[in-house]
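Dear colleague,

Please find below the structure that I am handing over to you.

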Amino acid sequence: MSEHSKSSPLPTYFMVWGALLVGTFLTYEAAKVDLGVFNAAVALTIATAKALLVALFFMHLKGASEKLLKLVVISTVFFLFILLALSMADYGTRLRP
Amino acid sequence: MSMATATTQPVERENYLNKHYGVGSWLFTTDHKRIALLYLASITFFFFIGGFFALLIRLELLTPAGDLVQADTYNKLFTQHGMVMVFFFLIPSIPAVLGNFLVPMMVGAKDLAFPRINLLSWYLYIIGGILMLHCMLTGGVDTGWTFYTPFSTAFTNTKIVEAGLAIFVAGFSSILTGLNFVVTIHRMRAPGMTWSRLPLFIWAHYATSIIQILGTPVLAITIVLVAVERTLHLGIFDPKLGGDPLLFQHLFWFYSHPAVYIMILPSMGVVTEIIACFSRKRIFGYSFVALSSIAIAVFGFLVWAHHMFVAGISVYAALVFSILSYAVAVPSAVKVFNWTATLYKGSIHYDAPMLYAFGFLGLFTIGGLTGLFLAALGINVHVTDTYFVVAHFHYIMVGGAVMGYLGGMHFWWPKISGKLYPEGWARLAALIVFIGFNLTFFPQFILGYVGMPRRYYQYPPEFQVLNVLSTAGATILGVGYLLPMIYFLWSMRYGKPAPDNPWNAAGLEWKTASPPPTFNFDKEPVVTWEAYNYEELDAPHKEEVPVAG
Amino acid sequence: MGAPTVGSASHGSHNPALLHHFVDEEQQRDAANLGMWIFLATEVMFFGGLFCAYLIYRGWYFPDFAAASRSIDALLGGTNTAVLICSSLTVVLAIYAAQTSRRVMLIAMLVLTMLFGCVFLGIKAKEYRDKFVEHHVPGASFNFDHEQIPGSSPVRYANPRHAEIFFALYFIMTGLHALHMIIGLGIFTWLLWMAWKGRFTPEYHTPLEIGGLYWHFVDIVWIYLFPLLYLIDRH
């Protein structure tokens with residue numbers, strides 16, 4: 001269960017909210033620039049940063065006293081990564097005619 | 001009063017069975033023990049259904065010609081045998097019956113973390129089961145339990161969407177059970193019950209739950225995609241429209257391979273408890289066995305494409321998955337070595353549960369080794385889609401998982417029912433099961449190796465002898481399965497009342513009455529002893545181990 | 001014999017919401033929290049299968065996917081992203097209100113959250129309607145002929161079959177997401193009702209917390225869907 005700090009969490013919430021909106025705007029604008037193969041990387045990096053902000057601050061992962069919840073998140077992301085990566089081990093190495 | 005003693009009072013103590021009567025008290029119960037019995041009845045029913053299909057398959061295969069049923073019917077027989085046995089018998093079996101009954105008791109809790117969700121799990125299972133029954137009665141499915149595309153999405157006329165829906169619903173039953181176990185094990189252990197004092201049955205169910213939680217949703221979305229493609233004629237899996245049939249197989253096996261570990265891990269947990277009890281010894285290498293359960297769960301997610309070696313994946317992917325498949329065998333081997341080391345210099349008792357455990361040891365080893373043969377690419381090309389594969393997985397699932405299930409049912413039957421089963425009949429049944437099983441499935445290794453394909457209803461005449469042996473074995477196996485059903489039911493009325501701890505076994509569940517009271521323990525247990533403290537239990541001047549501090 | 005004797009000596013000394021199989025309220029709250037996080041893990045894997053399919057076909061048919069992606073409205077998608085972000089803010093503000101006994105703020109934040117959710121669904125409905133009108137809905141009336149692959153010179157046209165796969169994934173992924181959104185609205189209706197009845201206190205507001213977790217998860221899924229579906233090639 002997250003511990004509630006003595007000081008108000010409100011400033012943090014509003015800062016995170018602002019950061020999320022800025023991130024959305026950045027994602028939209030960055031897509032208009034030709035970065036070649038890095039377009040996808042940039043978009044996903046910003047998306048991951050936003051997701052982390054939501055998880056850590058809005059979903060109170062940061063304040064959680066136990067490591068257990070973070071372990072749940074990390075394990076899940078790990079297995080999703082396995083699904084994607086090992087599938088690509090097949091799709092990425094097939095010889096095209 | 002710390003340890004309840006077996007009395008001969010005519011007045012029956014209040015327990016979870018006699019606390020409330022009436023159909024409503026069962027259908028609306030939130031008591032994990034009653035829910036376990038609801039599952040017991042349901043999965044036994046589906047075991048009969050799946051077994052009925054197996055009987056028809058083996059009857060057809062008595063002769064080389066396809067003369068009992070038509071080819072399309074035969075396709076439905078093996079499909080439905082597989083679907084029912086996998087999704088409505090094996091996946092729930094031990095977790096839903098023994099797990100539900102024992103997990104709260106073994107950790108020292110009054111119930112699971114979410115009792116109402118537990119009941120919901122059972123209802124979801126029933127709804128899925130009714131859907132599956134309806135599907136089978138109104139035409140069935142003929143794609144194999146693996147319902148590969150594009151046959152299942154674009155060509156077959158059978159009831160794929162309904163079967164898929166049934167499995168989807170039953171899948172959520174599985175997910176919720178796993179969720180319940182993980183939260184219970186983390187949050188509801190009694191004071192003093194540290195992780196290293198937990199019975200290995202709990203570690204096994206924890207690992208199983210991880211797989212249920214993370215794997216089943218991928219099957220769920222795959223079923224959704226198949227249903228959408230089938231009804232809207234999209235091209236996600238259809239090569240004519242730009243799709244890839246192998247994508248279906250990747251997504252399907254991402255769940256279905258870990259699913260086989262859902263089926264075997266709980267059985268391993270049962271076997272661990274039985275071997276410790278009937279060797280009167282602590283399990284050798286507790287941490288190794290505990291961690292190997294987790295390792296099996298994790299590694300099990302890394303190997304799925306070994307079901308696809310000849311399907312068209314790239315050679316490099318095949319190499320990767322082959323190597324990983326060898327890795328996943330290691331933790332299983334660790335367990336086998338630890339069980340063997342436990343037996344060494346143990347004081348072995350040959351009660352029926354132990355006979356099943358011995359059967360498990362041998363048959364699981366054979367099944368596991370033949371899995372390694374299959375993981376070798378060269379051999380795989382030769383025996384894939386033959387009876388070799390069929391024999392391999394039946395050795396694990398029937399020789400392994402079902403033996404463990406039966407052993408566990410015998411071991412905990414006194415606790416569950418408050419009655420003793422007839423030991424003589426039980427040992428005989430165990431022997432019949434073992435003989436019947438081997439006669440059924442060993443010939444299938446040979447059949448596969450010499451080239452008989454699976455899922456065929458006719459075969460060259462030179463294969464007949466082995467097929468006849470297999471069918472004969474299946475009949476004997478059937479008798480072996482019927483016997484416990486008969487004497488368990490018999491014991492509920494005529495069996496001797498069971499003492500709290502007929503086996504003098506370790507574990508919190510044995511420190512309460514047989515059958516237990518509704519809230520499991522009279523007082524919350526406080527654990528101050530290590531798991532498998534058989535030396536203490538067998539000590540000459542039996543010091544009573546305190547239940548409550 | 002058989003009666004619960006553990007923990008609570010008298011029933012009047014704890015919150016009536018405490019369920020009897022738990023030792024105390026903290027255990028119940030921790031269990032609920034862990035339970036919801038694990039449920040969200042299953043949801044990640046559920047959507048994950050779709051992301052896997054998307055990843056593979058985007059790699060196979062990038063030019064066709066790029067052309068198809070251009071035909072959906074990134075401004076609407078971006079707006080929806082902002083809408084959900086605002087709704088996540090109102091969720092945490094609602095929980096803050098419950099923690100500090102601000103009943104009016106609690107109700108207001110819950111209502112705002114649901115309003116944002118409805119706006120999201122409204123914009124989605126407009127997008128779906130646009131696709132329907134343009135015959136970009138996979139099926140019998142699908143048509144994607146003569147759509148230029150962005151940046152191709154000489155001009156090449158997208159393969160309609162491959163574009164149809166994009167749209168299939170678009171509708172399935174956003175449709176599944178929208179379904180979760182609708183369920184979220186249902187959950188928040190129930191939370192609003194409970195808040196109205198005064199069931200939440202600084203000591204007990206667990207349903208708000210776990211409902212909030214679910215809502216944030218739905219937001220996170222959209223955070224990934226937006227760039228992947230709408231912004232494949234916008235330059």
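Chain B has 17 helices and zero strands, where helices (H or I, at least four residues) and strands (E, at least two) are DSSP runs numbered from the N terminus. This is a predicted model, in which local features need pLDDT of at least 70 and side-chain atom pairs count only at pLDDT 80 or more, while totals for chains, interfaces and linings use all residues. Residues are numbered from 1 along each chain as its sequence is written, and chains are lettered from A and ligands numbered from 1 in the order in which they are written.

Of the 549 residues in chain B, 59% are buried (20 or more other C-beta atoms within 10 Å of the residue's own, with C-beta atoms placed from the backbone). Along the principal axes, the C-alpha atoms of chain B fill a box of roughly 75 × 45 × 45 Å.

Helix H10 of chain B covers residues 286-299. Its buried residues include Tyr286(B), Ile296(B) and Phe299(B). Among the elements that cover the buried residues of H10(B) are H8, H9 and helix H11 (315-343) of chain B.

Between the chains, 38 residues of chain B are in contact with 31 residues of chain C (C-beta atoms, placed from the backbone, within 7 Å). On the side of chain B that touches chain C, helices H7 (160-187), H8 (200-232) and H9 (245-279) of chain B each give two or more residues. H8(B) gives the most, with nine residues.

With kind regards

Technical notes: Two residues are in contact if their C-beta atoms, placed from the backbone, lie within 7 Å. The expected span of a helix is 1.5 Å times one less than its number of residues. A residue is buried if 20 or more other C-beta atoms lie within 10 Å of its own, exposed if 12 or fewer, and partly exposed in between; C-beta atoms are placed from the backbone.
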